[in-house]
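Here's a quick briefing to read with the structure open beside you. Take a look, then work through the points below.

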Protein chains: 2
Amino acid sequence: MDKSALNFDSPVPLYRQLADLLRREISEGQHAVGDRIESEHSLAQRHTVGRPTVRQATDMLVREGVLQRRRGAGTFVLPTTERVDLFSLVGTSEALRAVEARCELLSPPTLRHNTPIGTAYALQRKYSVQDEVLLLEDIWLDATFFPRLEQHELAGQSLSRLVREVYHREPDRAEQRFAIVDSDPLMGAGPLLSVHRRLHFGEHLDKVHAVLLCRTETFQFTQTITTTRP
Amino acid sequence: MDKSALNFDSPVPLYRQLADLLRREISEGQHAVGDRIESEHSLAQRHTVGRPTVRQATDMLVREGVLQRRRGAGTFVLPTTERVDLFSLVGTSEALRAVEARCELLSPPTLRHNTPIGTAYALQRKYSVQDEVLLLEDIWLDATFFPRLEQHELAGQSLSRLVREVYHREPDRAEQRFAIVDSDPLMGAGPLLSVHRRLHFGEHLDKVHAVLLCRTETFQFTQTITTTRP
DNA sequence: TCAGACAAGTTGTCAAGACAACATGACTTG
DNA sequence: CAAGTCATGTTGTCTTGACAACTTGTCTGA
């Protein structure tokens with residue numbers, strides 16, 4: 001990186017441009033995880049800006065979890081943290097991948113009128129390993145919020161991705177309630193862990209309901225959760 | 001507010017002191033939701049600090065969702081959004097308040113060397129209603145990360161608040177694992193829901209471990225969870 | 001009375017500078 | 001060779017200063 005790529009005539013503030021540039025360099029592999037990037041003083045000189053401007057840029061990346069500053073040592077690239085996906089908060093995808101669970105759509109989306117959230121598409125998924133059912137999930141998606149869902153291929157498809165790419169929706173909050181139940185017709189005798197979950201999309205509340213069942217002796221139900229970050 | 005309460009001899013940076021002071025004023029009702037607080041220039045004069053120092057303080061509160069800055073207009077108090085508190089992700093505070101559960105510290109923080117996270121302060125909390133134990137929680141806090149914890153009064157005190165105000169730490173991620181257990185000496189026969197939780201503070205991983213037990217027939221264990229927001 | 005212009009106030013961005021508190025590496029001494 | 005010291009480099013905190021971009025209120029003219 002020999003020359004500054006900052007555009008001093010742009011309406012985009014310099015610190016944002018620099019943050020974008022650094023973020024890009026990192027994602028392009030110019031700086032590996034654990035690498036120390038150039039010092040603030042050096043970046044300021046290279047880009048012909050003041051050090052506080054550099055700090056504003058690196059502040060942004062620190063808050064995004066991309067960089068970590070260590071006083072006296074420098075500024076380092078952090079590993080990319082796995083984004084919490086509220087749709088597959090079934091447990092971690094890793095846990096399911098580790099046991100090579102097979103996901104099966106038991107029933108295609110069916111329009112129902114008497115669901116927990118009114119008129120909704122109902123569907124059921126099963127995760128199993130060698131014919132042992134690890135997880136059972138019933139899902140209801142608001143029919144008005146997700147129009148014509150039945151037209152989309154769901155088998156072998158990530159629901160989260162479909163909702164994001166087709167409907168341009170992404171849940172930002174969820175509520176979950178835990179219970180222990182005695183038994184389930186498909187899973188057999190208990191005790192079974194039941195997780196009742198409601199997903200919200202901004203101000204659109206309760207647009208997805210899900211009920212999940214699993215047996216905790218055979219399946220380690222784990223989650224990564226975060227606090228809100230304004 | 002006639003006189004600055006900032007201690008210029010304190011090792012606590014001025015901007016943190018000012019942020020704490022403003023946060024306190026707001027929580028004490030000195031500024032109502034929607035109120036405009038003093039201008040940055042005015043605050044700087046009043047507290048005999050520079051404007052960038054005031055901005056650092058208000059930056060913190062903006063990021064906490066306490067304040068909102070509007071260019072040209074001023075800085076305003078936001079409604080308190082129910083913050084996901086990873087410490088008391090015990091269920092919602094509301095659920096506990098609704099049943100007027102009593103929180104009792106069973107043992108004060110005791111320094112232990114063989115805990116799940118090495119040398120840590122161990123403590124135990126019990127939530128009960130009319131002598132029925134709803135919830136039992138064992139907590140370990142890293143002794144190096146939270147030095148001299150035993151010197152602080154914990155009974156009837158929010159752990160989350162203490163960690164924030166005394167140690168200026170706030171967990172940003174947690175991992176939780178669910179299991180169903182048969183019984184517990186204090187809670188009796190099962191099945192009981194067990195939640196094993198690990199809290200992370202930025203790049204400082206596993207600084208708090210907690211294990212929580214409850215009986216889901218008598219206590220509705222719910223959580224609000226969010227996705228990360230870059 | 002209403003709309004437009006202008007002034008004053010406020011936040012957003014940016015600079016140069018300084019010192020404190022730390023980390024790291026090199027050198028010296030036992 | 002290991003431990004201690006010192007020098008250099010780096011981030012953290014803080015200052016004064018300036019101008020841009022906006023908001024809000026007031027005044028004037030139609």
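Let's start with DNA strand D: the surface near it has six nonpolar, eight polar and nine charged residues. In that tally, Ala, Val, Leu, Ile, Met, Phe, Trp, Tyr, Cys and Pro count as nonpolar, Asp, Glu, Lys and Arg as charged, and the others, Gly among them, as polar. Keep in mind that this is a predicted model, where local features need pLDDT of at least 70, side-chain atom pairs count only at pLDDT 80 or more, and totals for chains, interfaces and linings use all residues. As for bookkeeping, residues are numbered from 1 along each chain as its sequence is written, chains are lettered from A and ligands numbered from 1 in the order in which they are written, and side-chain values use heavy atoms, with hydrogens and water left out.

**Around DNA strand D**

- There are 23 residues around DNA strand D, and R51(A), L14(B), G50(B), T53(B) and R71(B) come nearest; a residue is near a strand if one of its heavy atoms lies within 4 Å of it.
- Of the atoms of DNA strand D that come within 4 Å of the protein, 74% belong to sugar and phosphate.
- Now for polar contacts, meaning pairs of N or O atoms within 3.5 Å (within protein, one must be able to donate a hydrogen and the other to accept it, and residues adjacent in sequence count only if both atoms are side-chain atoms).
- A polar backbone atom of E40(A) sits 2.9 Å from a phosphate oxygen of DNA strand D.
- G72(A) reaches a base instead: a backbone N or O atom of G72(A) is 3.0 Å from a base nitrogen of DNA strand D.
- R71(B) uses its side chain, with an N or O atom there 2.8 Å from a sugar or linking oxygen of DNA strand D.
- Two or more residues each come from α3 (51-63), β2 (67-70) and β3 (74-77) of chain A, together with α1 (14-27) and α3 (51-63) of chain B; helices (H or I, at least four residues) and strands (E, at least two) are DSSP runs, numbered from the N terminus.
- α3(B) gives the most to this surface, with three residues.

**Around DNA strand C**

- DNA strand C is surrounded by 23 residues, and the closest are L14(A), G50(A), T53(A), R51(B) and R55(B).
- Here sugar and phosphate make up 76% of the atoms of DNA strand C that come within 4 Å of the protein.
- R51(A) has a polar side-chain atom 3.5 Å from a base nitrogen of DNA strand C.
- Phosphate oxygens of DNA strand C lie 2.9 Å from a polar backbone atom of E40(B) and 2.8 Å from a polar side-chain atom of R55(B).
- α3(A) gives the most to the surface near DNA strand C, with three residues.

- Chain B has an open sheet of three strands in the order β1-β3-β2, with antiparallel pairing.
- The edge strands, each pairing on one side only, are β1 (36-37) and β2 (67-70) of chain B.
- Two bridges join β1(B) to β3(B), and strands count as paired if DSSP finds at least two bridges between them.
- I37(B) stands opposite T75(B) in β3(B).

- Look for T216(A) in the loop between β9 (204-214) and β10 (221-226) of chain A.
- Is T216(A) buried or exposed? T216(A) counts as buried because its relative accessibility is 11%, and buried means under 20% relative accessible area, exposed over 50%, partly exposed in between (1.4 Å probe, protein chains only).
- T216(A) touches L193(A), F178(B), A179(B) and I180(B), not counting residues up to four places away in sequence; contact means heavy atoms within 4.5 Å.
- A polar atom of the T216(A) side chain lies 3.0 Å from the backbone nitrogen of I180(B).
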